[in-house]
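The sequence and structure are shown below.

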Amino acid sequence: MTVTAPVAERPAKKPKRVQRFDEGTGRLAAILLSPTLVVLALVVLFPIISALRESLFQSGQHLDANGFVVQGSQWVGLQNYADIFRGDTGHRFWNAFYNTTFFTVVCVVLETILGVAMALIMHKAFKGRGIVRASILVPWAIPTVISALLWKWIFQADGVANGIIGTQILWSTEGWQSKLSVVIADTWKTAPFIGLLVLAGLQTIPAEVYEAAKVDGANVMQTFRRITLPLVKPALLVAVLFRILDTLRIFDLPFVLVGAHKTSVETLSMLAFDEAGNVRYGPAAAYATVLFVYVAVVAYMFVKILGADVIGEARAKKPGGKRRKKSGGSGTAAGSAAVTLNAASGSGRTV
């Protein structure tokens, strides 16, 4: 009887590691973005840190412990911030804060309404649409200082504005008229910006959505409220956010149109500029820091409350790392809009 020796089992081969298609792209992206990050650190981060440091000092002449006059910067801690809210300085600060908030709320609301109207007009197909689009966008292309000088000429005592209304109003003096002149000039210039971004959003809406609305019997207002406005909301929110941030920092338009040291139109930016012009760099940096915090808080609240998608595809990821299922393009948009319209109008049909 022949006995065969057991054959040793061969070790199992380890499965080959599957290389992902995006492996190594993160390192490559970091290398490619590093020059941009360095430039941003130099032109954004470094000035912010310098302003924060400067706000803790006071420059100029002051008395030392022995009563001698010395020249230079002196550490004062948070005294510059405390002085903002006290006495005449506090009154001037709250007036500038009110003017900044007033211009932001009134101008952005008017610009949003007019911008959406402009976008709807530019989106329609009619003869001469190119000329209308170009004429609407001309104010946005004009530099702010040139626009302010143009409106200053219009609002002169013997200017076009008084000639049209048939009265003599001193637009560049203290009072409600100076505020109104700034609102009119700013709305005329920047409403086309919102119109341009909203127009870009309108052009992404497929025509099938509006055809479904017609089949469902929706009128113009229902189509606008239930289809156009929801689908254009992302572009509109981004445009409004940009305008809020820009108007909170408004400086050149009231400074050129009305002038400096005018209580009716003085903003936080003008206040910081005036302090820096008088070689009070510490208080100027404190005003600039307060304005920076104000802008940051408003932007954060706007994004959180209204959900403005300013980071795009970064919101597509869930906390667990899985991506949300992407929509099916124009078909999904048309279907969702039709369902919304059906629910609003009480119709039971599915388009």
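## Burial of D186

In this predicted model, D186 has a relative accessibility of 8% and counts as buried, because the cut-off for that class is under 20%. The residue belongs to helix α7, which spans residues 176–202. Apart from neighbours within four places in sequence, D186 is in contact with C107, E111, A191, R243, I250 and L253.

## Overall architecture and confidence

The protein chain contains 13 helices and four strands. It has 351 residues, of which 34% count as buried. Among contacts between residues at least 6 apart in sequence, 66% join residues at least 24 apart. The accessible surface of the chain amounts to about 22,200 Å², and carbon and sulfur atoms account for 66% of that area.

The mean pLDDT of the chain is 80, with 77% of its residues at 70 or more. Residues 318–351 have a pLDDT below 50, although this stretch makes 37 contacts in the model beyond near neighbours in sequence. Where pLDDT is low, the predicted coordinates should not be read in detail.

## The covered helix α11

How many of the ten residues of helix α11 are buried? The helix, residues 268–277, is mostly covered, with seven of the ten in the buried class. These seven are L268, S269, M270, L271, A272, D274 and E275.

Two packed helices are described by the angle between their axes and the distance between the axes. An α-helix has 3.6 residues a turn, so residues three or four places apart point the same way.

Helix α12 also packs against helix α1, which covers residues 25–54. Their axes come within 8 Å and cross at roughly 125 degrees. That angle makes α1 oblique to α12. The crossing is left-handed. Contact is made by I48, A51, L52 and E54 from α1, together with Y281, G282, A285, T289 and F292 from α12.

## Packing of α3 with α4

Helix α4 comprises residues 129–141 and packs against α3 at an angle of about 155 degrees, with the two axes 9 Å apart. Which relative orientation does this give α3 and α4? The two helices are roughly antiparallel, because the angle of about 155 degrees is over the limit of 145 for that class.

The crossing of α3 and α4 is left-handed. From α3, the residues making the contact are M118, I121, M122 and H123. From α4, they are R129, V132, R133 and I136.

Where is H261 located? The residue lies in the loop between α10 and α11. H261 counts as exposed, because its relative accessibility of 55% is over the 50% cut-off.

V279 follows α11 and is found in the loop between α11 and α12. The phi of V279 is near 60 degrees, again a positive value in a residue other than glycine. With a relative accessible area of 47%, V279 is partly exposed.

## A213 in helix α8

Is A213 buried or exposed? At 2% relative accessibility, A213 counts as buried. The residue lies in helix α8, which runs over residues 207–215. A213 and R226 are separated by 13 residues in sequence, and the distance between their C-alpha atoms is 9.5 Å.

Methods. Residues numbered from 1 in each chain as written. Predicted model: local features only at pLDDT ≥ 70, side-chain atom pairs only at ≥ 80, totals over all residues. Heavy atoms only, no water. Buried < 20%, exposed > 50% of the residue type's maximum accessible area, 1.4 Å probe, protein only. Contact = heavy atoms within 4.5 Å. Areas by Shrake-Rupley, 256 points an atom, 1.4 Å probe, with all protein chains shown as cover. pLDDT = per-residue confidence, 0-100. Axes fitted to C-alpha atoms, helices over the stretch in contact; angles between N-to-C directions. Parallel < 35°, antiparallel > 145°, perpendicular 65-115°, else oblique. Left-handed = near helix turned anticlockwise from the far one by under 90°.
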